Amino acid sequence: MNFDPRYSGRNFSSVGTRPVRPDGVDKVTGRARYGADFNMAGQLVGRVLRSPHAHAVIKSIDTSKAEKLAGVKAVITAKDLPDLTDGDAAMYDILDNCMARKKALYDGHAVAAVAAIDARTARQALKLIEVDYEVLPHVTDVDEAAQHHAPLINDQVYTEGLEEKPAKPSNVTKRTQFGHGDVHKGFAEADFIVERSFKTEQTHQGYIEPHACVASVNPDGTADLWVCTQGHFVYRQHCAQLLGLEASKLRVTSSEIGGGFGGKTHVWAEPVALALSRKAGRPVKLVMTRDEVFRASGPTSATSIDVKIGARKDGTITAAEATLRYSCGPYAGSWAEIGAMTAFACYKLENVKTVGYEVLVNRPKTAAYRAPSAPMAAFAVESAVDELAKELGMDAVDFRIKNAAQEGTRSSYGPVYGPIGIGPTLEAVKSHPHMKAPLKANQGRGMACGFWFNFGGQTCTDLNIGMDGTVSLAVGTVDVGGSRASLSLVAAEELGIDYSNVKAIVADTSSLGYNDMTDGSRGTFSSSMATISAARNAIKILKDRAAQMWDIPVEDVTWEKGHAIAKGEKYGNLSPLSLKDIAAKSGTTGGPIAGHSELVADGAGVSFATHICDVEVDPETGSTRVIRYTVVQDAGKAVHPTYVEGQYQGGAAQGIGWALNEEYIYGKDGRLQNAGFLDYRIPVCSDLPMIDTQILEIPNPNHPYGVRGVGETSIVPPLAAIANAVSNAVGVRMTHIPMSPPRILAALDAEREG
C-alpha cells in the first residue's frame, strides 16, 4: 500500500489528549529495568583501567600479575580488539576511543579492562596492571589547540575543506562554510555594526543513569547485549563491526533509559564488555562510575565564536558573519559544521557567511547534547543581535520580528523554508504577559530565538491486533522522552479505538527491521509516520476481513471510528463491525491481523522557539537567580501536550544550568578536576522557577498529522536569553558561558576600570 506522508487537516479524538504515561508506575515503584538492573546467570564484573595522563604514548602494558589473581577470568588490552575497520576512519576513531592503542589521548582514556568474579577482585586486578607511559605535552583549550605551535594530537590529521591540502598536520581537522550573498558589500551598506567574540565551556548532558550494559558472547558465535542506549540498532552495527561479529548474530536489547540527551548515542564501554565476555566465556556486566562518565564519555564542545552583524537605521540586517571554533575531543567531528548551519537560521539575510573549524583537544570524545552545537552558536548570535538592537534604539523583539525568516526565505545554510514558526513565536512573545511584567532593582529581562533542523531517517514498525481487540505496537526508536505514549495515541487515532487498548514496546534488534538512532528529534516524528502507515495497512486487512464476514466486495467497505461500515443502501441490514468484532473472528477469516511499515521519514520540518527570561543578580557576589522563564515553541502538532511541555521545560532547565553554572574544569596537568555532581553543579529544584510554556502549532506539511520534532529546540535559546537578561541586569555585556559569579564580578570590575 502506497503511503502518502503529506499533511491533511483533520479533527483528532486521541491525538492532543493527555493520558497518563504508560511507564510511570513502573518507574516510580522501581519495577522499570534500567541498564544496571539486568543480570545473567554466571555473570562477571567488568572494570576499566583509565589513563591518568591527558596525552601520553603507551610504551608497554604488563597484565601478567592481574591475570594470575584468583577470581580474574579475563584481561584485555587493545590487542584483544584488533583493527577490523578496513580503512573506515570514523570507525577506527570509535575503536581507539573504546581502548587506547598507541597513545592515551585524554585523562580517562581506557587502556585495559578486566572481568572478575566480583567488583573487589576487579578493582584489585586493575591495580596490578602495569602501564609504562611517555607523557607528552597536552592542550585542552580550543583556541590554544588551533594555534600552529600547539602540541599536535594526531600527526595524520590535515585540515579538510581548504582549497589546497596543507603541507603540515594540524589540530584543526576541518573547515566548513555556509552562506550566500556578499558580506563585504552588506557591511558597507550598514549604518551600525556590532562585532564581538564569545566563549562557551564544555558541559555534560547530566543524565542521572550512568552507562551500563551486560554482554554475553556465546560459544556458537551469537551474542547478546543489554544496554542503556538511544539507538540499539546502531550499537549493534558498531559493536558487530568492531568485534568481527555478524550483525544478525548480535541481539541488542535497549533498557529503560535514565536520561541520555545525546550522550547515549555513542558506544563507549559496550565493545569492551563484549570483548571481555568473549575472552572469559561468560557474561560480563560493566557499569561506569560517575567519575568515569565525566572523564570518559562524551560531553559537549567548548567553543570560541566571533560574530559580526550590520544593519541599516531602519533595522534591516544587511550582513551577518560568524567564525566558529568547536572542540571535538581527540577525534574528528562535525560539531562546528552544525554550529555554522544553525547560527543565523532564524533570520532573513541577503548576505550571510559562517565558517566552522573542528579542533582536536586532549579531552574526551565530544558527543551530542540535545540540538548539538546550536545553543553555543545561538548564544553568540542572539547576544550580538540584542546588542545591535540597542545600538539602533529598537526593541529587541521588534528588531527580530523585522528580520525573521518566513516561508520562502532562503535559509543561511541553504534550503528554502516552507511553513515555519519563528514569526509566530516572536509575535506570541511580544504579546505575552511576561514581557509586560515590571522588574525590580538588580533584575533584568532577556529573550532569544532558537532553531533546530530535525531529522527523519530509517524507521520500521509492527502493529499487531490481538483476538481480544487490543493492539501491540512494536517500534525500534528508543523511548527517551515519552514516545511510547505518543505513538499509542497515534495508533489509537488512526484505528479509531481507545488509547487504553494500545500498548507500545521497544523491540530488540532481532525482532524488528533496522531503525536509526533516537536523536535529532526524530523519535516521535519518524515512528508516528511509520505507525500511521502500519495502521493503515492493518485497516486494509480489517476491511478485507469484514468483507469476508459479510460476503460483500471489499470495495463496498469503509473504515470509520474503529468500525467497518458497509456503504450503500443495499447493505442497510448490515450493522457496523468493530475492530474487536473482526479480530475475534480472525482465526476463521485468514489468521492474525497485523500492519507493518518500513520507510525513510523525510521532511522532518524545521523547528523554532523564542524564550523569555527574568533574572536577579546580586551585584556584590555575582550570584544569579532565574526568577521567571517562558518558552514559546512551534510543535507542528502536539501529539501528547504534557510530554511536549515537559520537553520545553527540560530544555530550558538544562539551558539554565549551562548558562550559569556548568563547566568542565581542567588543571594544568590536563586532568578533569570536577568529575562528579558535587563539583559539577547541575540545577536542582530550588535553582529553577516554574517554567511557563506556550505551544504553537504550525503544521509540518510533510507529516500526515503535521508533527514536528520538539525535543531539541528548547535548549537552543536559553544560553542567549539568560545572557541577555544578565547583561541587562548588570549593565555589562556577558560574553563567556557559564556566567558564574566570578565571571560576572570580573566583568563588572573591568567595566569600572575601563
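Biologist: Which residues does His 232 touch, not counting residues up to four places away in sequence?

Modeller: In this predicted model, the partners of His 232 lie beyond four places in sequence. They are Val 252, Ser 254, Gly 476, Val 478, Val 506, Ala 507, Asp 508 and Thr 509.

Biologist: Is His 232 buried or exposed, and in which helix is His 232 found?

Modeller: The relative accessibility of His 232 is 0%. Buried means under 20%, so His 232 counts as buried. As for its place in the chain, His 232 is found in residues 232–243, which form helix 7.

Biologist: Is Gly 186 buried or exposed?

Modeller: Gly 186 has its place in helix 6, residues 183–188. Its relative accessibility is 0%. Because that value falls under the 20% cut-off, Gly 186 counts as buried.

Biologist: With which residues is Gly 186 in contact, leaving aside its neighbours within four places in sequence?

Modeller: Contact requires heavy atoms within 4.5 Å. Leaving aside the neighbours within four places in sequence, the residues in contact with Gly 186 are Thr 318, Ala 319 and Asn 351.

Biologist: How many Å apart in space are Gly 186 and Arg 312, C-alpha to C-alpha?

Modeller: In sequence, Gly 186 and Arg 312 are 126 residues apart. In space, their C-alpha to C-alpha separation is 9.8 Å.

Biologist: Which residues touch the most other members of the largest nonpolar core, and which helix gives the largest share of this core?

Modeller: In soluble globular proteins, nonpolar side chains tend to be buried together. Here the largest nonpolar core holds 113 residues, and those touching the most other members are Val 307, Phe 344, Tyr 629, Ile 722 and Met 739. Residues 374–392 supply the largest share, 12 residues, and they form helix 11.

Biologist: How many residues are in the other core that lies apart from the largest one?

Modeller: Among the members of this other core are Val 475, Met 529, Ala 546 and Ile 552. The number of residues in it is 47.

Key:
Residues numbered from 1 in each chain as written. Predicted model: local features only at pLDDT ≥ 70, side-chain atom pairs only at ≥ 80, totals over all residues. Heavy atoms only, no water. Helix = DSSP H or I, 4+ residues; strand = E, 2+ residues; numbered from the N terminus. Buried < 20%, exposed > 50% of the residue type's maximum accessible area, 1.4 Å probe, protein only. Core = buried A, V, L, I, M, F, W, Y, C linked by side-chain atoms within 4.5 Å.
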